[in-house]
Amino acid sequence: MDRQVKYTLPESEMPAQWYNIVPDLPAPPPPPLHPGTGQPVGPDDLAPLFPAALIAQEVSAERHIAIPDDVLDVYRLWRPTPLFRARRLERDLGTPAHIYYKYEGGSPAGSHKPNTAVPQAYYNAAEGIRRLTTETGAGQWGSALAFASSVFGLDLEVWMVRASHDQKPYRKMLMETYGATVHASPSPETAAGRAILAETPDSTGSLGIAISEAVERAASDPDVRYSLGSVLNHVLLHQTVIGQEAIAQLEMAGDYPDIVVGCTGGGSNFAGIAFPFIGAGLRGGKKPRVIACEPSACPSLTRGKYAYDFGDTAHLTPLVKMHTLGSTFVPPGFHAGGLRYHGMAPLVSLLQELKLIEARAYTQTTCFDAGIQFARTEGILPAPEANHAVRGAIDEALRCKEEGVSRTILFNLCGHGHFDMQAYMDYQAGKLEDRAYDEGELNAALAGLPRIAAE
Ligand SMILES: Cc1ncc(COP(=O)(O)O)c(C=O)c1O
């Protein structure tokens, strides 16, 4: 009987290229627009925020982009990451399904986020930038960029969503240990933060607000650039090392997924695991069902509108076409800080419109139920964000059981939850509430969507 659990690739088989799904899509992605003119933004519009190499990747039509050697050298600290067959979870569920998970929690920050933090810091340093700004929700992205900034000798200022800041002092300390400066957002440091504080002094913040603060700081200082942990095409591109490795590892296991599952905040870890499989399907290969799992308290894919919107609350960013809950929507303070974003990556949104993916929304208690079952069988305590993918995978495995069908399910276990113990404590104490988002607030936020002549 085959008892193998771990499928590991040697460093020599780490992907040397990132995979860009754009040339394989049946329709081109709608361009980002300038908020003032309504016209597509050009490289010059983005230059105050991003280095030229990342702007080129953002609009690239090349299927493969070489990963620089200096980035591969840092990736080698934790990549390739293992693929596990979840045999114990399968037994516990009594399912005929084969469940595999790709584990990204072994990186320095504890999630998939360093896959893009490292190249972003590298390209900024290579173009002579010395300081970066960013936002962080769960604290995973801030930790990842703080680590990457320390590797490439950059200073970093992080705006951390207040809900997470107050709940996760150890994440803050990790960022400070790597040398970053951390502000709770909204903060009095920026005009955007001061405006929110004047209206809502006890604001728990949101990723949209934190992005505004970090963008404002970068846009007002020519020596500073901004770095985003999700949503943009180049971020999704960098994450495709996950899915490329998974394809090679499943080949070692003699399997191929019928179903691929990921959680979605801004869409980057989901894209990382799913795009290489979707691309293979678009090029004539097998077409797995691909399922995006999001929180029902911040349901951009399942209940948002596909429209041009701002990426941030203060409307400093270009307009992108995406599934959005409205840029002023502040989701309730639930325990998956990394999924509290009003929008969704334009590429993931487009795939949903093209019916190449499905989306599902889950309440937080049902996700924690799944995460605890996973921890008790497989041993790894997932990040609250990752619990959404665990939930999705378990539901599909239970469906296999009901139907008496064996399917192969692959999901991305995008991070560990070792800094998320307060969330687990609240869950164990029965304190987690499944708060629905406020329909009235959502409608107000959607009513404020920018009007675009081309739509
Ligand atoms: C562990 C973890 N998973 C998922 C996410 C959501 O981001 P994305 O959808 O870009 O992967 C975050 C964001 O902070 C995170 O920290």
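User: Among contacts between residues at least 6 apart in sequence, what share joins residues at least 24 apart?
Analyst: The model is predicted: local features need pLDDT of at least 70, side-chain atom pairs count only at pLDDT 80 or more, and totals for chains, interfaces and linings use all residues. Residues are numbered from 1 along each chain as its sequence is written, and side-chain values use heavy atoms, with hydrogens and water left out. A contact means heavy atoms within 4.5 Å. Among contacts between residues at least 6 apart in sequence, the share that joins residues at least 24 apart is 77%.

User: How many of the 455 residues count as buried, in percent?
Analyst: Buried means under 20% relative accessible area, with a 1.4 Å probe and protein chains only. Of the 455 residues, the share that counts as buried is 62%.

User: What is the order of strands in the open sheet of 4 strands?
Analyst: Strands are DSSP runs of E with at least two residues, numbered from the N terminus. Two strands pair if DSSP finds at least two bridges between them. The edge strands, β8 (181-185) and β9 (224-226), each pair on one side only. With parallel pairing, the order is β8-β7-β6-β9.

User: Which residue in β8 is the bridge partner of glutamate 157?
Analyst: Strand β7 covers residues 155-161. It pairs with β8 in the parallel sense over 5 bridges. In β8, the bridge partner of glutamate 157 is threonine 181.

Notes:
Buried < 20%, exposed > 50% of the residue type's maximum accessible area, 1.4 Å probe, protein only.
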